[in-house]
Amino acid sequence: MLGWYLFRTKARCELQAEQQLKCLGYQVYLPAIPAQVSDQQEAEAGRVQPLFPGYLFVRFDPFQESIRKIVTLSTISQAVKTCGALSPVELALVRELRKRCLMVLESPSKTTFCYGDRVTVKDGPFAQVDAIFSETVGSKRCKLLLEMLGKVQIIETDLNNLAVCARIAS
């Protein structure tokens, strides 16, 4: 029966397996999300990583073509079976994975702030406090200017912990 089947790849061979299978004419789905990059890798924007490292989905009919053609590839380890039998993955699951991964890849991961922007801290000890954005620190953190005890203080927080300031300055 034509369906999506789950296969285990050899370590860090998901992309190569995907390419090999596509060259053989198979429909392949490798769920991917934005890669977690370090500060040194920040220049390589747009990188993705597998959502399920070591696994990918292949659409084929095991009654029409032999599974051996797939599992004998150098990048494929084995077919994932249920109770010892090859079973297709629910089509709804694959559709939902595609939809969610596409949503994550297309949506901006964070709002870009510039020096002087008014922001509100969302969580933590400074929750609901308004501050002025100062600078980014690496790819995930930032420095804020905050007036406290009659002086301007510099605090550091996660970029995802900020919101655009909703209050209007008077």
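Colleague: Why is Leu93 called partly exposed?

Modeller: Keep in mind that this is a predicted model. The relative accessibility of Leu93 is 44%. Buried would need under 20% and exposed over 50%, so at 44% Leu93 counts as partly exposed. You'll find Leu93 in helix 3, residues 91-106.

Colleague: How do you know which side of helix 1 is the buried one?

Modeller: Helix 1 spans residues 14-23, and its buried residues are Glu14, Ala17, Glu18 and Leu21. Those four take up an arc of only 100° around the axis, so they are on the same side of helix 1. On the face turned away from that side you get the exposed residues Leu15 and Cys23.

Colleague: What do the buried residues of helix 1 pack against?

Modeller: Quite a list: strand 1 (3-9), strand 2 (27-29), strand 4 (48-50), strand 5 (55-60), helix 2 (68-71) and strand 6 (76-79). After helix 1 comes Gly25, with a positive phi near 95°.

Colleague: Why is strand 1 described as largely enclosed?

Modeller: Of its 7 residues, 6 are buried, so the rest of the structure largely encloses strand 1.

Colleague: What makes strand 1 and strand 5 a pair?

Modeller: Two strands pair if there are at least two bridges between them. Strand 1 and strand 5 have 6, in the antiparallel sense, so they qualify. Arg8, for instance, stands opposite Tyr55 in strand 5. Strand 1 also runs antiparallel to strand 6, with 3 bridges joining them, and there Phe7 has Ala79 as its bridge partner.

Colleague: Which residues have the most contacts inside the largest nonpolar core?

Modeller: Phe7, Leu21, Leu56, Val58 and Ile70, in a core of 14 residues. At least two residues each come from strand 1, helix 1, strand 5 and strand 6. Strand 5 gives the most, with 3 residues. Apart from that core lies another one, of 11 residues, including Val119, Val121, Leu144 and Leu159.

Colleague: What does Ile70 touch, leaving aside neighbours within four places in sequence?

Modeller: Ile70 is in contact with Phe7, Leu21, Tyr26, Val58, Phe60 and Ile76.

Colleague: Last one: why is Asn161 called buried?

Modeller: Its relative accessible area is 11%. That is under 20%, so Asn161 is buried. Asn161 belongs to the loop between strand 12 (151-158) and strand 13 (162-164).

Colleague: And what does the side chain of Asn161 reach?

Modeller: The backbone nitrogen of Asp123, at 2.7 Å. With residues up to four places away in sequence not counted, Asn161 touches Thr120, Val121, Lys122 and Asp123.

Note on methods: Residues are numbered from 1 along each chain as its sequence is written. This is a predicted model: local features need pLDDT of at least 70, side-chain atom pairs count only at pLDDT 80 or more; totals for chains, interfaces and linings use all residues. Side-chain values use heavy atoms; hydrogens and water are left out. Buried means under 20% relative accessible area, exposed over 50%, partly exposed in between (1.4 Å probe, protein chains only). The arc is that of the directions from the helix axis to the C-beta atoms. Contact means heavy atoms within 4.5 Å. A polar contact is a pair of N or O atoms within 3.5 Å; within protein, one must be able to donate a hydrogen and the other to accept it, and residues adjacent in sequence count only if both atoms are side-chain atoms. A nonpolar core is a set of buried Ala, Val, Leu, Ile, Met, Phe, Trp, Tyr and Cys residues joined through side-chain atoms within 4.5 Å.
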